[in-house]
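Please look over the structure shown here before reading on. The paragraphs after it go through a few places, one at a time.

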Amino acid sequence: MGAEQPNHIMDTTENGEMDAQSPRDPQNNPSVPPSDGSCPINRLPPEILSLIFEHGTVAAENFEEVGGEGGITWSEFSERHAEYEEGFGEQEGRAQEEKGEHKTEVIGEEGSDSDCKCSEYDSEPSSEEDVHLPFQFIISRVCRHWRTVALETPSLWTRIHISSVDRPPYERVNAFLARSKSLPLDIYIDSELPDDLSDDEDVPTEFSEANLKELLALLVPHVPRWGSIEVHVESYEHMYTFLKTLSDPSVPPASQLQVLRLYHHEESDGDITTFPKSEFSDHLTLFSGYAPRLQNVSLWGVHVDWTQSWLHSPNLVELELAYHTPGVRPDWPTFSAMLRVAAPTLERLSLESSGPSGSPNEWTIEPGTPEWNVDANNPILLPKLLQLELAFIPPLEVISLFRRLCMPSLKALTLNFDNGDYTDLVTYLARPTTTAAATGTTASSTKEQPRSFLGGLEFLKIAGLPCSEQSVEKMYSELVNLDALNLSMDHLSFPFFGALHPQPTPTLEGSGPPDTTVSYRVLLPRLTTLFISNMPGYNVRRFVHERQYVGVPLRMVFVEENTDITPEDENWLKENLEKFDYFEGSDDEDVYEGGSVSSSYVSSYEWDVDNDDLWESDAE
């Protein structure tokens, strides 16, 4: 028995008067359940309850995507039901019928699905009590009325998630396919074993090719309903099974497909130049080459027939190509044709150890070829491209790409290179140019002033860029409109951070307000947001303080979660910034062969703290 409730609950009215209310009066105190056991929410029309369920499902999915568990365990769910039945089960019945409410009957193990009798979670799990239930299943087991509404709301069942621990006969998949009726489906398949298994957990048996074939046998007949499909595999045999199945002529067109993401994550030793599995090297055509609504394509270590129509679509908004050996990449005529057709709508292009095959001197289109026209070798104008991401591409190829692409609207650039010297690339990006020059028109006719490619950027992420110290400063001097900078110092030399510090002329003197007679050289004058990894908190605090001192303060700073930072520095940053927080670094930022930035690595950007009056002014 809980603590005895008071006889009255005092409430303040709008006029400030105290009003005594009965704790059992649901009309005046909605926080107290009705004494007759009625369920006011069930007075809502089914359409409203259905809408509430839809919002709850979306909220649960979003919570899961940002790192939450996305549901409760079966044990928690059963416990809550037991409490509900104990507290209110005896009060149900006649009062609800008199009020015209739906009877609230808790569904137990005998609960059945009138539409589909094959639901994986319609009965209590016998051995995995810690399995997390999808939101849809939770609400469908509260009471018969809720179950009826949930099963008659197809939008609750359109997202199908299959993990490596799922096994035939895939009852839950069958249930979702039936309950979603004719709505478009969002399908996510992950055949990789979880990497966070503890030592005392039983390792599941490997997701086999036979398992995948049985799963695809259920899903492929619904290809016309696919709205998105995302597949993650560790073994290319699994990916080839997926590609081969969808290349069968009997597979219907993917008439509603908007998102196609295929990821092959198998680890490889060193740099490989040829596709390692020759028996799987053929380029297949999926969906009979027809997916007219496709907008988002990601092919990560997965190659297909590069000439099929859905890769040459005027509706393409995002294109990501990654980790393709030269032998399976598209040739330049095919690659350039993909971009030219997608040019009116393409907003994001990502090339990571991928792109056109052949050397840059072969990136031409010869007269007499199918791709030839008078403008075939002119730069490709991508008028709506906002984001460009380039990684692990040799310097000469990167420069050649920039020379062949015209991106007047580009706002965000990501660079991640490891081997080679990219000084020439930085020099090229910093030199003045015009959109008119890139498109072959005259600058005088457009009245456009030359500016560097970097001048229009608002966001820049640098995860790796081997280049000279002088080119770093040159690059920063051109980023006059940059608002946000992301530096992965795990793979960058210290000047990428050191060059950002204000440089006084001749020295910073005094500890009071800034001397307006002293000029300061401040790079990135519009910078408001900084993401940085592998930089001690002391250095970050110092940088933030110096930007404040010279009148160009930062607003937000985010450091990698493993940053070495003292409580004092953390508190100072929180007090002097609109927002200071931590972010989770990516896998390639976790380990750096050179370790943390050491004092010997600071080079010409090392300061003498004892003689730095600017820094001492903050300490005071």
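This is a predicted model: local features need pLDDT of at least 70, side-chain atom pairs count only at pLDDT 80 or more; totals for chains, interfaces and linings use all residues.

Residues are numbered from 1 along each chain as its sequence is written, and side-chain values use heavy atoms, with hydrogens and water left out.

Start with the two helices α6 (residues 171–179) and α7 (residues 209–219), whose axes come within 10 Å and cross at roughly 10 degrees. Helices (H or I, at least four residues) and strands (E, at least two) are DSSP runs, numbered from the N terminus. An axis is a line fitted to C-alpha atoms, for helices over the stretch in contact, and the angle runs from 0 to 180 degrees between N-to-C directions. The crossing makes α6 roughly parallel to α7, a term for angles under 35 degrees. From α6, the contact is made by V173, N174 and L177; from α7, by L215, L218 and L219. Contact means heavy atoms within 4.5 Å. Sorted by class, this contact has five nonpolar residues, one polar and no charged ones. Here Ala, Val, Leu, Ile, Met, Phe, Trp, Tyr, Cys and Pro count as nonpolar, Asp, Glu, Lys and Arg as charged, and the others, Gly among them, as polar.

Next is helix α11 (residues 423–430), where six of the eight residues are buried. Buried means under 20% relative accessible area, calculated with a 1.4 Å probe on protein chains only. The buried residues are T423, L425, V426, Y428, L429 and A430. Among the elements that cover them are α10 (395–404), β14 (432–433), β15 (451–452) and α14 (469–478).

Strand β15 contains S452, which is itself buried, with a relative accessible area of 4%. Apart from neighbours within four places in sequence, S452 is in contact with L429, A430, R431, P432, T433 and E478. The side chains of S452 and E478 are joined by a polar contact of 3.1 Å. A polar contact is a pair of N or O atoms within 3.5 Å; within protein, one must be able to donate a hydrogen and the other to accept it, and residues adjacent in sequence count only if both atoms are side-chain atoms.

N296 is buried, at a relative accessible area of 9%. Its side chain makes a polar contact with the side chain of E318 (3.1 Å).

Terms used: Buried means under 20% relative accessible area, exposed over 50%, partly exposed in between (1.4 Å probe, protein chains only). Angles under 35 degrees count as roughly parallel, over 145 as roughly antiparallel, 65 to 115 as roughly perpendicular and the rest as oblique.
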